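The sequence and structure come first, and the description follows.

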Amino acid sequence: MASPSFAFIPRNISKGGKQQGTSAHVPSSHKSESTPAIERETACPGPSVSDKGKWKVSELSAKPVYNEKDISILVVLAFSDYALWLDSDLRRKTEESFQSEEHDAGFLPLSYLMRRAFGRENLGQEYMPTEANAVKAIRTYAGDVLEVRMLVSAPSASAWYPSWKPERSSIGGYEVRRKDWSILLDNATREFTRGQWDDRTVYMENIPAQYHTIPGIVRFMQGLLSQCPGSSASIPIQNVTLPPHHLDKTEDRPKCKGFALVTLCNAELCQIFLESWPWTRPFQPAESDDSGLAEDNSETKEASKFGFRTRPKACWDRLNEEYLAYRQKLINELADANEPLHISPNPDVRDVTDDVLEDTPPPPRNVTTMYSPYPFGCLVFARNLHLETNKTTLRALFATAFKSSPVDPAGIDYVDFNKGMDSCYLRLASPEHGRILVDRFSNQPVVQSHGLDDAGKTPGASQKTIATEIIEGKKEEVYWEKVPEKVRRQAVEKAVKALNGKQPSAPAHTAYGQSEESRPRKKRNRG
C-alpha cells in the first residue's frame, strides 16, 4: 500500500493562512502562479497587510514594481534617438560597436542599457529587474524595435577584472541593438540642437491618475496616438520628463504631479497632437474628423474625463519664467517689508517744506493697547553668550542695565533660553526697558568669562561681545504667535500699565513669573 503523499507547507505560510481564517491545504497551481496580466499597473504597490496590524509597512513597498510592459518601455526610451543625442557615453559606445563585424555591429550589453533605463528612477541595484525579465519583456512587447541575443562567445578580458572594477560591472549575459541599426549613424537627429527637440516637445496637464509614472505616460500617449498619422515610427515617443519641485533633491525619485513634458519623434506629429487636445478646451477633445484619434479607446475616454490638455513647450517655458519672476518678486517684497528704509538726504536740495518737517514730530511707532495681540517693542534678542550659562545667570546679567536707570529694575519678565545655546530671547515689561537694555550693552560691551558670570567683563581683542537687538516686524509677530494666549495677555497688560506710568502689582508679577519660570518641578519617581 503506497503511503499517502503530503504536501510540504512552510510554517510561516501555514500560520498566515490560519490567522486569515483559510484552510491550510496547498492552493491549486493556477491560483499560485502570477502572470504579467494581473501585475500591478501603478507606480507603487499598496501597503503590505500584516497579521492583526502588528507589523509595520515594509520599506520595499515604497519602491516601484514594474510589469513586463513597463520594463520594455523604459529600455526602449533608454535607446531612443533623443537618448543617443543627450547621453554622450551612450553615443560613444554605440559608435564603437559599429567598428565590429556586421553580425556584432550595434549591439550593446543589456545590463549597461538597463542601468541607464532605471537610473533615472534613482533605484538601487536590488530593485532593478533581472536581465531575464528584461529579455522576456523586450521580446514580448518591443520585438519590433529591439533585437536581443544571448552571449555565447568566450568572455572578453574585461570579464576577468575584479568585481570592484567598473569594467566588470558592464559585462552582461545578453546584448541588445535596435532593429534600424544599419541607418542609425545616418540619422538626422544626431545633428539636432536643443531648440529642434523643444519644437517636438509637448507640455501636457491633467494626466489621468492611473498613468502617473513614466511608463504609464508612454502607455497613455500610445493609446491617444494609436490612429494618429505619423505615429507609425519605430519609437514615436522619444522622452518623458517629469518637472521637479524646486525643493526636490537630486537623489529623489521623480514624481508625477499630473503634468509632464513629452518629446515626440517629429514636429508634424507634435502639431497634430496639439490640435487634437488644445489648451483652451480642457474637458473634451477636438471634434475634427482629421484628428486621427481613436474615440472609442479607454485612454481617450480617461483624457476627456480628467480634462487632459496640451500646449507647446515654448509656451510652457514662457509661463514658467513668468512664474519664477513673480515668485522672486514676492520673496523680495517680503524681505523688504522686514528691513527699515535707509534714505540718504541730499544737502543740495532744500525747500520750504524742510523747515516745516523739522518742527513736525516723528510718526508714532506701534503703541501697545489693551487690544494689541502682543506687546510691541518688548522683545530683545541676545547672542554671543557663554555656552555653559543658564537662565538665572542671564537674568542677573541683563538686569544690570536697569540699576542706574529710572525704570523698574525687575523689567525682565522671562528669559527664553535653551541650555547649550549661545543666544536667547528676553521678554521685557515695556519698550523703554528694551531700549535701555540695548543701549547699555551697545555702549558698554561685555563678555561672559564663564557660564556663571552674571556681571560680565571687558572683552579681549579677539572675543565677541554680547550683542542685543530689539526684534520688530514680522519676526516679532512670528515669535509671539508661538507664546500661549494667556501669557501674551499678561504681557500686554503689563506693558500698558508701564506706558501709563503704573507699575504692575507684586501679586500679578509673582503669578506671571510662577507661570513661566518658577513653576514647581515634578519630582522624579525613583523606584
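Rings of Phe, Tyr and Trp, the last by its six-membered ring, count as a pair if their centres lie within 6.5 Å; a pair is edge-to-face if the planes are over 60 degrees apart. By this rule there are 18 aromatic pairs in the model, which is a predicted one.

**Aromatic rings**

A pair of aromatic rings is described by the distance of the centres and the angle of the planes. Two of the pairs are set out below.

| Pair | Centre to centre | Angle between planes | Kind |
|---|---|---|---|
| Y82 and W197 | 5.2 Å | 85° | edge-to-face |
| W277 and F308 | 5.6 Å | 75° | edge-to-face |

The pair of Y82 and W197 links distant parts of the chain: Y82 belongs to helix 4 (residues 81–86) and W197 to helix 9 (residues 194–199), 115 residues apart. Are these two residues buried or exposed? The cut-off for buried is under 20% relative accessible area. Y82 has 9% relative accessibility, so it counts as buried. W197, at 1%, is therefore buried as well.

Elsewhere, ring pairs join Y374, F376, F381, Y425, Y479 and W480 into a cluster.

The charged end of R309 is placed over the ring of W279, 3.7 Å from the ring centre. K93 lies over the face of Y112, at 5.4 Å from the centre of that ring.

**Strands**

In a regular strand the side chains alternate between the two faces of the sheet. In strand 4 (201–205), both faces are covered: T201, Y203 and E205 on one side are buried, and so are V202 and M204 on the other. Because 5 of the 5 residues of strand 4 are buried, this strand is largely enclosed by the rest of the structure.

Which strands pair with strand 4? One is strand 6, in the antiparallel sense over 5 bridges, and Y203 stands opposite L261 of strand 6. Another is strand 7, again in the antiparallel sense, over 4 bridges. Here E205 has R309 of strand 7 as its bridge partner. R309 is also the residue whose charged end sits over the ring of W279.

Strand 6 (residues 259–264) pairs with strand 5 too, in the antiparallel sense over 4 bridges. T241 has L261 of strand 6 as its bridge partner. Strand 5 (residues 237–241) has 4 of its 5 residues buried, so it is largely enclosed by the rest of the structure.

In soluble globular proteins, nonpolar side chains tend to be buried together. The largest nonpolar core here has 62 residues, and those with the most contacts inside it are M204, I217, M221, L264, F273 and F308. Helix 3 (residues 68–78) gives the most to this core, with 7 residues. Leaving aside its neighbours within four places in sequence, I217 touches several residues, among them M204, V240, A260 and V262.

Apart from this core lies another, of 21 residues, including L394, L437, F441 and I466. L437 and F441 are also in contact with A401, as are I436 and R440, when neighbours of A401 within four places in sequence are left aside. A401 is found in the loop between helix 15 and strand 9 (412–416). With a relative accessible area of 6%, A401 is buried. The C-alpha atoms of A401 and G434 are 9.9 Å apart in space, while the two residues are 33 apart in sequence.

**Two loop asparagines**

Which residues other than glycine have a positive phi? N206 is one of them, with phi near 60°. N206 is placed in the loop between strand 4 and helix 10 (214–224). At 30% relative accessibility, N206 counts as partly exposed.

N384 has a positive phi of about 65° although it is not a glycine. N384 is in the loop between strand 8 (379–383) and helix 15 (391–399). Its relative accessibility is 25%, so N384 counts as partly exposed.

Methods:
Residues are numbered from 1 along each chain as its sequence is written. This is a predicted model: local features need pLDDT of at least 70, side-chain atom pairs count only at pLDDT 80 or more; totals for chains, interfaces and linings use all residues. Side-chain values use heavy atoms; hydrogens and water are left out. Rings of Phe, Tyr and Trp (its six-membered ring) pair if their centres lie within 6.5 Å; planes under 30 degrees apart count as stacked, over 60 as edge-to-face and the rest as tilted. Buried means under 20% relative accessible area, exposed over 50%, partly exposed in between (1.4 Å probe, protein chains only). A charge sits over a ring if NZ of Lys or CZ of Arg is within 6 Å of the ring centre and within 35 degrees of the ring normal. Two strands pair if DSSP finds at least two bridges between them. Contact means heavy atoms within 4.5 Å. A nonpolar core is a set of buried Ala, Val, Leu, Ile, Met, Phe, Trp, Tyr and Cys residues joined through side-chain atoms within 4.5 Å.
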